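Please keep the sequence and the structure in view while reading.

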Amino acid sequence: MARVLHTLLLFLVRLALKIRVWGYWSLIYGYCALCTTAALLKLCWNIVLRPTTTFQWGTRETPPACLNDTSLGTHCYVRIKESGLRFHYVAAGERGKPLMLFLHGFPEFWFSWRYQLREFKSEFRVVAIDMRGYGESDLPLSTESYHLDYLVTDVKDIVEYLGKKCVSAIFI
């Protein structure tokens, strides 16, 4: 009798756990379905009201004000002789201090480092670079130009252009 009662309790506990897990995931997927439905209804409403402008690509006449914030540093350009590409970078801090270089990954650009630029410019010469093909830096001719060897050469050439032989820290 005790064994049957134990088996029955174990079955009920397992069933309760399965119902609980099923209920949890039902709430998650239900919420996702609700948000998707709301987004699709909004899209359909925009298509009905403004059919020609809903999917139209717009270009800005002037960049946003935050990109021209002078507290972040000075916008500069350098043309690398080996690749022929022009690179954009933002530099802050005194020139005699150790260099701290900020490199971004896909799909970022120099603005990703805005908080670090403000924080470290008192102790370092901080430079945030737009890597090739990003932000205001030139776009290379082919996708083969994004191999790691070319990217390392770009960084080496920019560091030499900045008048340094070594870098105190590189953040990637």
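## Contacts and overall form

Among contacts in the protein chain (heavy atoms within 4.5 Å) between residues at least 6 apart in sequence, 64% join residues at least 24 apart. The structure is a predicted model, in which local features need pLDDT of at least 70 and side-chain atom pairs count only at pLDDT 80 or more, while totals for chains, interfaces and linings use all residues. Residues are numbered from 1 along each chain as its sequence is written, and side-chain values use heavy atoms, with hydrogens and water left out.

The protein chain has a radius of gyration of 27 Å, whereas a compact globule of 172 residues would have one near 16 Å. This radius is taken over C-alpha atoms, and the globule rule is 2.2 Å times the number of residues to the power 0.38. The C-alpha trace spans about 85 × 55 × 35 Å along its principal axes.

## Secondary structure

The protein chain contains 3 helices and 5 strands. These elements are DSSP runs numbered from the N terminus, helices being H or I runs of at least four residues and strands being E runs of at least two. In sequence order the pattern is α-β-β-β-α-β-α-β.

Phe106 and Pro107 are joined by a cis peptide bond, with omega of about -5°. Pro107 lies in the loop between strand S3 (99-102) and helix H2 (114-120).

## Surface and charge

Of the 172 residues in the protein chain, 23% are buried. Buried means under 20% relative accessible area, exposed means over 50%, and partly exposed is in between, with a 1.4 Å probe and protein chains only. The protein chain exposes about 12,900 Å², and carbon and sulfur atoms supply 64% of this area. Accessible areas come from the Shrake-Rupley method with a 1.4 Å probe, and for residues only the protein chains shown count as cover.

The chain carries 20 positive and 15 negative charges, whose mean positions are 11 Å apart. Lys and Arg count as positive and Asp and Glu as negative, while His and the chain ends are not counted. Each charge is placed at NZ of Lys, CZ of Arg, CG of Asp or CD of Glu.

## His88 and Ser137

His88 belongs to strand S2 (residues 86-92). His88 counts as buried because its relative accessible area is 0%. Beyond residues up to four places away in sequence, His88 touches several residues, among them Trp110, Ala128, Asp130 and Ser137. The C-alpha atoms of His88 and Ala128 are 8.8 Å apart, although 40 residues separate the two along the chain. The side chain of His88 also makes a polar contact with the side chain of Asp130 at 2.9 Å. Such a contact is a pair of N or O atoms within 3.5 Å; within protein, one must be able to donate a hydrogen and the other to accept it, and residues adjacent in sequence count only if both atoms are side-chain atoms.

Ser137 is placed in the loop between strand S4 (125-129) and helix H3 (148-161). With a relative accessibility of 8%, Ser137 is therefore classed as buried. The side chain of Ser137 reaches the backbone oxygen of Asp130 at 2.5 Å. Apart from neighbours within four places in sequence, Ser137 contacts residues including Arg86, Phe87, His88 and Asp130.

Setting aside neighbours within four places in sequence, Ser145 is in contact with Arg132, Pro140 and Tyr150. Ser145 and Arg132 are 13 residues apart in sequence, and their C-alpha atoms are 8.9 Å apart.

Val78 lies in strand S1 (residues 74-79) and is buried, with a relative accessible area of 4%. Leu67 is in the loop between helix H1 (2-49) and S1. Not counting residues up to four places away in sequence, Leu67 touches His75, Phe109, Trp110 and Phe111. The C-alpha atoms of Leu67 and Val155, 88 residues apart along the chain, are separated by 23 Å.
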